[in-house]
Amino acid sequence: MRLTKHNVYPGRGLGMWAFWLHRLTGLALAIYLPIHILVISTVVGGASTFNDAMKFLKAPLFVLFEMGLLAVVLIHGLNGLRIVLFDLGYGVKHQKVIFVVLMFIALVLFVIGFAIALPHILV
Amino acid sequence: MIPTTVQPQGVWAWIWQRITAVLLVVFLGTHMVVLHYVPENLNINFLGVTARFKSVLYLIVDSGLLATGLYHAFNGVRNILFDFVVEEGKRRAITLTLFLIGLAFLLWGVYALTFFIQ
């Protein structure tokens, strides 16, 4: 039988939302990482090329974009710990509660990170 | 229920995905805090980065983080694709393609990092 989107993503509960969220954030990060490598490798063109790139990326719009990145990393990283925990045989029965708690921690860390970054967005 | 004819395989890729996951939580977390939340590092520029790159250890650690992140990212993409592609031949092609792209980014990234060593 052919695997389709319909039978790969069959559920509707919170666990399936966690799964979707992990996929989408993971995909976003997999796209971001090569871009990040290309941006940092502007250093191959010399110090001033690198400095120009870094200066360009200090614009409020990019700092705001980095806040999105922070949110994505926090969601993927903390939910990833949940997955590792399950694979070690712990917590599957309480998967929903664990998800809610971890996402709350992600939210708290995001608010702290956002608060620190705010002066660099509102310039 | 997911109906499937997929052969069980790739347990090491699965294990490594978990190992790199835990490593990334620690080292990517450190990477982000050090580069974006330590006041004296906020203005990222060539001189600042070269100052940190004084020791070869830094290059090794940074390259290690790069390799860990690339493995986790590309194997993650492979995991997603494998949920939709079951044919053995196509899967091998996907693995080879992702491996080569990942390796190219790793080599290019490490090459770029050496430019910070003065």
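This is a predicted model: local features need pLDDT of at least 70, side-chain atom pairs count only at pLDDT 80 or more; totals for chains, interfaces and linings use all residues.
1. Let's start with the interface as a whole.

2. Helix 2 (residues 14-40) of chain A packs on helix 3 (residues 56-82) of chain B at about 130 degrees, and their axes lie 9 Å apart. Helix 2 of chain A is therefore oblique to helix 3 of chain B, and the crossing of these two helices is left-handed. From helix 2 of chain A, the contact uses A:Arg23, A:Gly26, A:Leu27, A:Leu29, A:Ala30 and A:Leu33. Helix 3 of chain B answers with B:Gly69, B:Leu70, B:Ala73, B:Gly76, B:Val77 and B:Ile80. Eight nonpolar, three polar and one charged residues make up the contact of helix 2 of chain A with helix 3 of chain B.

3. With 27 residues at 1.5 Å a residue, helix 3 of chain B should span 39 Å, and its end C-alpha atoms are 38 Å apart, so the two values agree. Its buried residues are B:Leu66, B:Gly69, B:Leu70, B:Tyr71, B:His72, B:Ala73, B:Phe74, B:Asn75, B:Gly76 and B:Arg78. The cover over these buried residues includes helix 2 of chain A, along with helix 1 and helix 4 (88-114) of chain B.

4. Here is another pair across the interface. Helix 4 of chain A and helix 1 (residues 11-36) of chain B cross at roughly 140 degrees, and their axes come within 10 Å. That angle makes helix 4 of chain A oblique to helix 1 of chain B, and the crossing is left-handed. A:Gly77, A:Gly80, A:Leu81, A:Val84 and A:Asp87 of helix 4 of chain A meet B:Arg18, B:Ala21, B:Val22 and B:Val25 of helix 1 of chain B. The classes here are five nonpolar, two polar and two charged residues.

5. Now for a pair inside chain A. Helix 2 of chain A and helix 4 of chain A pack at about 125 degrees, with 9 Å between their axes. Helix 2 of chain A is thus oblique to helix 4 of chain A, and this crossing is left-handed. Helix 2 of chain A contributes A:Ala18, A:Leu21, A:His22, A:Thr25, A:Gly26, A:Ala28, A:Leu29 and A:Tyr32. Helix 4 of chain A contributes A:Leu69, A:Val72, A:Val73, A:Ile75, A:His76 and A:Asn79. The contact of helix 2 of chain A with helix 4 of chain A has nine nonpolar and five polar residues, and no charged residues.

6. A:Arg82 counts as buried because 20 other C-beta atoms lie within 10 Å, and the cut-off for buried is 20 or more. Apart from neighbours within four places in sequence, A:Arg82 is in contact with A:Ile98, A:Phe99 and A:Leu102. The C-alpha atoms of A:Arg82 and A:Gly26 are 14 Å apart, with the two residues 56 residues apart along the chain.

Technical notes:
Residues are numbered from 1 along each chain as its sequence is written. Chains are lettered from A and ligands numbered from 1 in the order in which they are written. Axes are lines fitted to C-alpha atoms, for helices over the stretch in contact, and angles run from 0 to 180 degrees between N-to-C directions. Helices (H or I, at least four residues) and strands (E, at least two) are DSSP runs, numbered from the N terminus. Angles under 35 degrees count as roughly parallel, over 145 as roughly antiparallel, 65 to 115 as roughly perpendicular and the rest as oblique. A crossing is left-handed if the near helix is turned anticlockwise from the far one by less than a right angle, and right-handed if clockwise. Two residues are in contact if their C-beta atoms, placed from the backbone, lie within 7 Å. Ala, Val, Leu, Ile, Met, Phe, Trp, Tyr, Cys and Pro count as nonpolar, Asp, Glu, Lys and Arg as charged, and the others, Gly among them, as polar. The expected span of a helix is 1.5 Å times one less than its number of residues. A residue is buried if 20 or more other C-beta atoms lie within 10 Å of its own, exposed if 12 or fewer, and partly exposed in between; C-beta atoms are placed from the backbone.
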